Structures are given as C-alpha cells and as structure tokens.
Amino acid sequence: MIAETVCSAVSAAGLGIAAVTAYRKRFLTAARLLAYSLVPVGLVLTGVVGWAADTAFSLKAWVGFGVLGAAWLMFLGTRAVERRRGGTRKERRAAKAAQRDAVAPAASAPSLGQGAGPSTAAKPAAKQKAAAPAEDFSDIEAILKKHGI
C-alpha cells in the first residue's frame, strides 16, 4: 500500500514538472518527462511493485537469494582452484606427458656442426640472419600495399 502511494506521488510530481516544462515551450523535454513519470504508475498497475514489495519482505525469498549466492560463490571458488592447479585431471596428465616428451631444439644443434668444422656451421647462420630481415620487410611492404601506402 505504501509503495503504491509513493509511486503515485512520484508520478504526480513528474507530471507537474512536465507541465511546467511544456509551459516553457520545451515540448520534447516535456514529452520525455511525461513518459518517465508514467512508468511508476504502470509498474503499480501491472503488479510489479506489489511483487517486489512481497519479495523484499519475504523470508523465503531471502533464503532463496542466499542459496543462489552460496552456489555462485562455490562455482567461483572451484573455478579459481581449477585455474590454479592448471585445469582438469586430463589436461594435467597431457601437460606432464608433453613435458616429458619435449626436447629443446637447441640441444642438438652443437652435435650437427662437430664433424664438419666451425666454418660450415657459421655459414647457414649467416644466411638465416640475412634472410630474416628481408622477410620482415616483405611483410611490412605487403601491409603497406594493402592499405594503399
């Protein structure tokens, strides 16, 4: 009952402000104020205000909100623990297997050049260094051509 009275008073005040605004020849603003002032009355007539008031003062509703909050906190807690551990059990096993099977690519590089001597091992590295900047510039050129520069 109190909520309906408050909503009616808010609507009446909004209608008064809209009337004053229309008197000042600001019709667009007055129409917007009129629309806003009719919203509380519409909510009262549809029963939304009564439902909200009944829900706000209902112990059953607050217990329900508490249960939903507890479920949400448990969900967030389990997600945080899962991220900290590194995923599900299958993902952790796969990561361990990949870690055992992984071999560093640079670990076998010294063995490649041992029999051939230092001069042959240095030549491919020099060619790679020379080729890398050209590739970078070609990428940049392609981007600039794409944008018409």
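Predicted model: local features only at pLDDT ≥ 70, side-chain atom pairs only at ≥ 80, totals over all residues.
Residues are numbered from 1 along each chain as its sequence is written, and side-chain values use heavy atoms, with hydrogens and water left out.

Which side chains meet in the salt bridge? They are those of E82 and R79, at 4.0 Å from N to O, and both residues lie in helix 4, three residues apart, about one turn of the helix; helices here are DSSP runs of H or I with at least four residues, numbered from the N terminus. Side chains of opposite charge can pair when their charged atoms come close.

E82 is partly exposed at 28% relative accessible area, and R79 is also partly exposed, at 36%, where buried means under 20%, exposed over 50%, and partly exposed in between, with a 1.4 Å probe and protein chains only.

Staying in helix 4, which spans residues 59-85, we find L73, which counts as exposed because its relative accessible area is 56%.

Let me turn now to helix 3, residues 48-56, where T55 is found. T55 counts as buried because its relative accessibility is 16%, and, leaving aside residues up to four places away in sequence, T55 touches A61, W62 and F65, a contact meaning heavy atoms within 4.5 Å.

How values were computed
Helix = DSSP H or I, 4+ residues; strand = E, 2+ residues; numbered from the N terminus.
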